[in-house]
Amino acid sequence: MSNHNFIFWGAKGHALVLAEIVKQQGGEVIALFDNDPDTEQILPGAEIFHGLPAYYKWLQQQDQPGNICAIAAIGGSRGRDRREFLEIFRNSGLKTPTLIHKSAIVSETANIGQNSHVLAGAVIAPKVEIGEASIVNTNATVDHECTLSPGVHIAPGATLCGCVNIGENTLIGAGCVVVPHIKIGANVILGAGSVVTRDIHDNVIAFGNPAKIVGDNLADK
């Protein structure tokens with residue numbers, strides 16, 4: 001990654017975290033893009049642009065766009081958005097690497113999809129499969145043989161015990177614990193500190209110890 005120029009789609013807190021990883025590895029963030037017109041510049045030296053038309057105009061002005069690395073720097077439960085912008089980057093001919101903090105521990109037998117983010121202190125154990133545009137956040141643990149579908153976010157301090165299966169675009173909240181051999185569906189939001197002892201189906205919000213379904217998550221249906 002050394003000496004590569006990066007652009008981020010997303011210009012808020014998660015972008016700040018990812019920018020440090022880029023700097024660690026010898027890269028530089030040269031531009032930020034965000035759909036929110038009120039989003040302000042947060043990284044010195046990285047100009048901010050708003051909306052897809054501005055993105056395409058900027059791209060047309062680049063001499064060698066194929067040398068630019070692009071990251072969907074969007075956190076929270078917005079896995080679908082990360083995946084959509086990943087496709088935009090691919091269709092634009094940009095590079096779409098994965099970012100891994102130098103303090104993370106990642107098994108040689110783990111497989112991590114493109115444009116995923118593995119943050120400081122995270123642990124990814126043997127034979128873990130992580131789909132593209134996913135996040136394993138600060139101090140989170142994904143133990144052996146877990147499978148994360150595209151767009152998943154494992155929030156800070158969460159623990160997936162062995163052989164857990166997580167559906168696409170699901171958010172596992174901060175400090176959650178998921179016991180072994182559990183299946184959690186797609187588009188689920190699991191509240192912070194929850195303990196999951198039973199399978200959870202698609203498109204719901206769950207919370208508690210043990211976790212119970214408290215509502216529907218209709219945002220990504």
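A: One cut-off to begin with: buried means under 20% relative accessible area, exposed means over 50%, and partly exposed is in between. The model is predicted.

Q: Fine. Is D34 buried or exposed, then?
A: D34 is buried, because its relative accessible area is 8% and the limit is 20%.

Q: What does the side chain of D34 meet in a salt bridge?
A: The side chain of K12, with an N to O distance of 3.5 Å.

Q: How many salt bridges does the count come to?
A: The count is 6. Another one of them joins D81 and R78, at 2.7 Å from N to O. Both partners are partly exposed: D81 has 22% relative accessibility, and R78 has a relative accessible area of 44%.

Q: Switching to pockets. Which residues lie nearest the centre of the largest pocket?
A: G10, K12, D34, I74 and R78, out of 15 lining residues. K12 and D34 are also the pair with the 3.5 Å salt bridge. The space in the largest pocket is about 190 Å³.

Q: Which element gives the most to the lining of the largest pocket?
A: That is α1, with 3 residues.

Q: Now packing. Which residues touch the most other members of the largest nonpolar core?
A: L148, L160, I172, V178 and I184, in a core of 30 residues. Apart from that core lies another of 18 residues, including A11, L18, I48 and I71.

Q: What does L148 touch, leaving out residues up to four places away in sequence?
A: E129, I130, G131, V136, V142, I154, L160 and I166. L160 is also among the core residues that touch the most other members.

Q: Where does H101 lie?
A: In the loop between β5 (99-100) and β6 (105-106). H101 is buried, with a relative accessible area of 15%. Its side chain makes a 2.9 Å polar contact with the side chain of S103. Beyond four places in sequence, H101 touches I21, Q24, V118, L119 and A120.

Q: Last topic, backbone. Which peptide bond is cis?
A: The one from N209 to P210, with omega near 0°. P210 is in the loop between β22 (204-207) and β23 (212-216).

Q: What is phi of N169?
A: It is near 65°, a positive value in a residue other than glycine. N169 lies in the loop between β16 (165-166) and β17 (171-172). At 3% relative accessibility, N169 is buried.

Q: And what about phi of N203?
A: N203 is not a glycine, yet its phi is positive, at about 60°. N203 is in the loop between β21 (195-196) and β22, and is buried at 17% relative accessible area.

Notes:
Residues numbered from 1 in each chain as written. Predicted model: local features only at pLDDT ≥ 70, side-chain atom pairs only at ≥ 80, totals over all residues. Heavy atoms only, no water. Salt bridge = Lys/Arg side-chain N within 4 Å of Asp/Glu carboxyl O. Buried < 20%, exposed > 50% of the residue type's maximum accessible area, 1.4 Å probe, protein only. Core = buried A, V, L, I, M, F, W, Y, C linked by side-chain atoms within 4.5 Å. Contact = heavy atoms within 4.5 Å. Helix = DSSP H or I, 4+ residues; strand = E, 2+ residues; numbered from the N terminus. Polar contact = N/O pair within 3.5 Å; in protein donor to acceptor, adjacent residues only side chain to side chain. 1 Å grid on protein atoms, 1.4 Å probe; cavity = no way out; pocket = protein on both sides within 12 Å on 5 of 7 lines; lining within 4 Å. Points joined across faces, edges and corners; volume = space filled by probe spheres on them.
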